[in-house]
Amino acid sequence: MTITAAGGRLVVDSLQKHYELDGTEVPVVKNVTFTIEPGTFYSLLGPSGCGKTTTLRCVAGLETSNGGEISLDGTTLSTATTHIPPNKRDIGMVFQNYAIWPHMSVFANAVFPLQVSGGKLPKNEARLRAMEALELVQLDHLAQRPATALSGGQQQRLALARALAHRPRLLLLDEPLSNLDAKLRDTMRNELRSLQQELGISALYVTHDQSEALSMSDRVAVMNQGRIVQEAAPRDLYNQPADRFVADFVGRVNMIEATLHDRDSAGDAIVEAFGTRMTTPCPGEIRRGEQVTVTYRPESVRWHEAAVDRPNVLPARVIRVEFLGEIVEYEAEVLNGDQSVGTLVARGAPLATPPEGEVIYLELTPQACRVIAA
Ligand SMILES: Nc1ncnc2c1ncn2[C@@H]1O[C@H](COP(=O)(O)OP(=O)(O)OP(=O)(O)O)[C@@H](O)[C@H]1O
Ligand SMILES: [Mg+2]
């Protein structure tokens, strides 16, 4: 492999962007700050309209920002008063809709940007780099085909090759896999990640798909309404969500309304929830009577046929069982006597599913409970 794109270090500091609508300023990126270390894969994850694409376009230079600073390896790309144009930024970009040129061959698609862009390359050098990039994404054998005669996945690879042919220091990807079917999406996820690691290139990836962000990234920033609300490694994000929004957006979660009661001898918190007492770790201070939310992941719920003498075992009636293939999801109403006092969702292996209508005992192991301030 001859393409060695040294990964750049991107620093986005207090980025602001607003749009003018009917004479008023509508802020869409509010004080966004993050750093991508060289050679790492960084994702912005968030719901539709939270400002992911706008942030990416500011980094690419396709939008001018209204405040803050963006720099790559110490070179300032934009401030409120300076703006380096996109083709001078040493950044490659892949969009959701690929944006390949249908009237050109695969090869022409890859080579064209090298012949017209800022750093116009000599013809031979451009051809060499384009072929290298096509080899990298395993499209070299289709170089002479019309670009329209490619499958969705191949078109996606071509878009990637075109972005890599520049040998950029940073690769920007805006939902590049969302037009592909589920199986191909999985394959491309792996390919993209290995390619990024092989090349040692830095990547900024934008998606609203949490499993995509968790599976590919070194770090994930969750965005909501123009702000980054939490940044962490995938596992930490999943296991230690900072607030209800993150807990709910990243994976499925049970949110249990609870009241802080006391600390037990082991240092865990005792809370009141479902009309009973439950135990949970609680690193913060315990203010008796404070309302909190205890989060619990469905896949961590265990069930028993009979009561077990351990903390957080709750009687419940199974009200829904849904077969999802490799797992089964079930919902149960927690019982206090005959009274339903709330519901819990659980997930488990298909062979070990509780029967609908039965009363079972759900165990929420304290170690898997998380307390989030209300
Ligand atoms: N050119 C524009 N003029 C005015 N408002 C805009 C413009 N572009 C985007 N917006 C608004 O800015 C907000 C953020 O848009 P953005 O495209 O960054 O969201 P996103 O997180 O990428 O969403 P999605 O997941 O749907 O792609 C949205 O409310 C959008 O309507
Ligand atoms: Mg978008």
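Tutor: What follows goes through the helix packing, then the core, and then a few places elsewhere in the chain. Keep in mind that this is a predicted model.

Begin with helix 2, which covers residues 106-116, and helix 3, which covers residues 123-136. Their axes lie 9 Å apart and the angle between them is about 130°. On the side of helix 2, the contact is made by Val106, Phe107, Ala110, Val111, Leu114 and Gln115. Helix 3 contributes Lys123, Ala126, Arg127, Arg129, Ala130, Met131 and Leu134. Sorted by class, the contact between helix 2 and helix 3 has nine nonpolar residues, three charged ones and one polar one.

The other pair is helix 4 with helix 5. Their axes are 11 Å apart, and they pack at an angle of about 20°. Angles under 35 degrees count as roughly parallel, which is why helix 4 is described as roughly parallel to helix 5. Helix 4 passes helix 5 in a right-handed crossing. From helix 4, the residues that meet helix 5 are Gly153, Gln156, Arg157, Leu160 and Leu164. Their partners in helix 5 are Leu184, Met188, Glu191, Leu192, Leu195 and Leu199. By class, this contact of helix 4 with helix 5 has seven nonpolar, two polar and two charged residues.

Now the core. The largest nonpolar core has 39 residues. Leu134, Leu158, Leu160, Leu164 and Leu173 are the ones with the most contacts inside this core. At least two residues of the core come from each of helix 2, helix 3, helix 4 (152-165), strand 7 (170-174), helix 5 (182-199) and strand 8 (202-207). Helix 4 gives the largest share, seven residues. Leu134 is also part of the contact of helix 3 with helix 2, while Leu160 and Leu164 are part of the contact of helix 4 with helix 5. In soluble globular proteins, nonpolar side chains tend to be buried together.

Helix 1, residues 52-60, is mostly covered, with seven of its nine residues buried. The buried ones are Lys52, Thr54, Thr55, Leu56, Cys58, Val59 and Ala60. Gly61 follows helix 1 and has a positive phi, near 90°.

Thr295 is found in strand 14, residues 291-296. Its relative accessibility is 3%, so Thr295 counts as buried. Beyond its neighbours within four places in sequence, Thr295 is in contact with Ala247, Val253, Asn254, Met255, Ala368, Cys369, Arg370 and Ile372. Thr276 is found in strand 13, residues 276-280. With a relative accessible area of 32%, Thr276 is partly exposed. Leaving aside neighbours within four places in sequence, Thr276 is in contact with Val271 and Leu314. Thr276 and Leu314 are 38 residues apart in sequence, and their C-alpha atoms are 8.9 Å apart in space.

Key: Residues numbered from 1 in each chain as written. Chains lettered and ligands numbered in written order. Predicted model: local features only at pLDDT ≥ 70, side-chain atom pairs only at ≥ 80, totals over all residues. Heavy atoms only, no water. Axes fitted to C-alpha atoms, helices over the stretch in contact; angles between N-to-C directions. Helix = DSSP H or I, 4+ residues; strand = E, 2+ residues; numbered from the N terminus. Contact = heavy atoms within 4.5 Å. Nonpolar A, V, L, I, M, F, W, Y, C, P; charged D, E, K, R; others polar. Core = buried A, V, L, I, M, F, W, Y, C linked by side-chain atoms within 4.5 Å. Buried < 20%, exposed > 50% of the residue type's maximum accessible area, 1.4 Å probe, protein only. Parallel < 35°, antiparallel > 145°, perpendicular 65-115°, else oblique. Left-handed = near helix turned anticlockwise from the far one by under 90°.
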